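Please follow each element as it is named.

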Amino acid sequence: MSTLKRKASSTSLSSDTKKPKANGSIASFFGSSPKPAGKSDSAASTPTVKFDKEKWVASLSAEQRKLLELEINTLDESWLAHLKDDVTSREFLELKKFLDRETAAGKKWFPPKEDIYSWSRHTKFNNVKVVILGQDPYHNVNQAHGMAFSVRPPTVHPPSLRNMFIALKKDYPSFVTPPKNDGLLTPWADRGVLMLNTCLTVRAHEANSHANRGWEKFTQRVIDLVAQKRTRGVVFMAWGTPAGKRVMKVNKQAHLVLQSVHPSPLSASRGYFDCGHYKKSNEWLVSRYGKDAEIDWALVKGNSTLPDQAAEASDDKPTTGEGIPVVNPDVAEAKPAQNGVKEIKKQEGDEFGDLDVDSDEEAALQEAMKKADEEEAAKR
């Protein structure tokens, strides 16, 4: 009789509900079990920790439920399971009250509310392979949508994003640069690239206007969670001094930390174009987890940076996916990257009327770098 009980117990543990083995295969690490070719990675949406969201929401006070309505409805459950105590902290609730006051005062802020946590929905906790750290969200119309460096069409590529594409093209010559009015990076997010800003909101046309209100602690917690829970390792890309400070405590034996100057025209020429981070991240992921872990950095339909798929498409003349011949970004964009903001504005024209996209981004970056230097000097 006891033998039968032992067999039944063994059968139960081997069922589909069995939790992935800690530090097991790449499939369990990236939040899914082995699946037939062509199947989606749907299992990645299930939290690895036991979390009863309905019960948690019921435990909140009426005020907490009101203040955290956005987190309850739009922060992906795979992240909320880990961040539930952080969002109920006094500091975070004060942050939410501040945003409510901004709205009540008629102050417009970005990104749209429903997009603040889009990074969590496109890159679920179990699926993070690479983390790219940004700073302040873009603060002009139709730019910020919850992912660092990414912009929605028809916004022209901001200068830092333009330089990212140049560096990517150097790593992967097969990469096709998207049309200049399409800088949407959600395909990367869906493939496991977490693009996270230091602050998640900003007042319209006012760089760093929501800094030091509580977002910094929250996003640092997100970074720390990835570093602490993903014990087999992920890649962190930290560009510029502020981002470098965010990964100082990351265990470099467990993770790959890639650092360089920022892709902004202010600093990109000092080493960013040749940093090789896109290729280095893939080489490390493949060595760690096998070929299936490699990131396809392509953004244009029909294009791929994966060796096998890129070879298949090499016979065709690359286009943007809309029949537009591809211009070599190393030639077309090297000049504005080297000559700075004025040259960029001259080439692109003023497509946003009074909205000075390029100079605003540079001003925000300069302010962040100045602040980082002052903090460093104060510690000494």
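Histidine 205 lies in the loop that joins β4 (202-203) to α11 (215-229); helices (H or I, at least four residues) and strands (E, at least two) are DSSP runs, numbered from the N terminus. Its phi is near 65°, a positive value in a residue other than glycine. Most residues other than glycine have a negative phi, and most peptide bonds are trans. With a relative accessibility of 43%, histidine 205 counts as partly exposed; buried means under 20% relative accessible area, exposed over 50%, and partly exposed in between (1.4 Å probe, protein chains only).

The model is a predicted one, in which local features need pLDDT of at least 70 and side-chain atom pairs count only at pLDDT 80 or more, while totals for chains, interfaces and linings use all residues. Residues are numbered from 1 along each chain as its sequence is written, and side-chain values use heavy atoms, with hydrogens and water left out.

The chain contains 18 helices and 6 strands. Of its 380 residues, 51% are buried. The chain exposes about 19,000 Å², of which carbon and sulfur atoms supply 50%; accessible areas come from the Shrake-Rupley method with a 1.4 Å probe, and for residues only the protein chains shown count as cover. Among contacts (heavy atoms within 4.5 Å) with a separation of 6 or more, 70% are between residues 24 or more positions apart.

Another cis bond runs from phenylalanine 110 to proline 111, with omega near -5°. Proline 111 is placed in the loop between β1 (109-110) and α8 (118-122).

The next element is α9. Its 13 residues (159-171) should span 18 Å at 1.5 Å a residue, and the end C-alpha atoms are 19 Å apart, which agrees; the expected span of a helix is 1.5 Å times one less than its number of residues. The helix is mostly covered, with 12 of its 13 residues buried. Among them are Leu161, Met164, Phe165, Ile166 and Leu168.

Leucine 168, in helix α9, counts as buried because its relative accessibility is 0%. Apart from neighbours within four places in sequence, leucine 168 is in contact with Phe175, Trp188, Tyr278 and Trp297. Leucine 168 and threonine 305 are separated by 137 residues in sequence, yet their C-alpha atoms are 9.7 Å apart in space.

Helix α13 (residues 277-289) also has 13 residues, and the distance from its first C-alpha to its last is 18 Å, close to the 18 Å expected. Its buried residues are His277, Tyr278, Ser281, Asn282, Trp284, Leu285 and Tyr289. Seen down the axis of α13, these residues fall within an arc of 165°, so they line one face of the helix; the arc is that of the directions from the helix axis to the C-beta atoms. An α-helix has 3.6 residues a turn, so residues three or four places apart point the same way. Just after α13, glycine 290 takes a positive phi of about 105°.

How do these two helices meet, and at what angle do α9 and α13 pack? The angle is about 55°, and the axes are 7 Å apart; axes are lines fitted to C-alpha atoms, for helices over the stretch in contact, and angles run from 0 to 180 degrees between N-to-C directions. That makes α9 oblique to α13, since angles under 35 degrees count as roughly parallel, over 145 as roughly antiparallel, 65 to 115 as roughly perpendicular and the rest as oblique. Met164, Ala167, Leu168 and Asp171 of α9 make the contact with His277, Tyr278 and Lys279 of α13.

Helix α7 (residues 90-104) has buried residues that pack against α4 (62-67), α5 (69-74), α6 (77-87), β1, β4 and α11. These residues are Phe92, Leu93, Leu95, Lys96, Phe98, Leu99 and Glu102. Just after α7, glycine 106 has a positive phi of about 80°.
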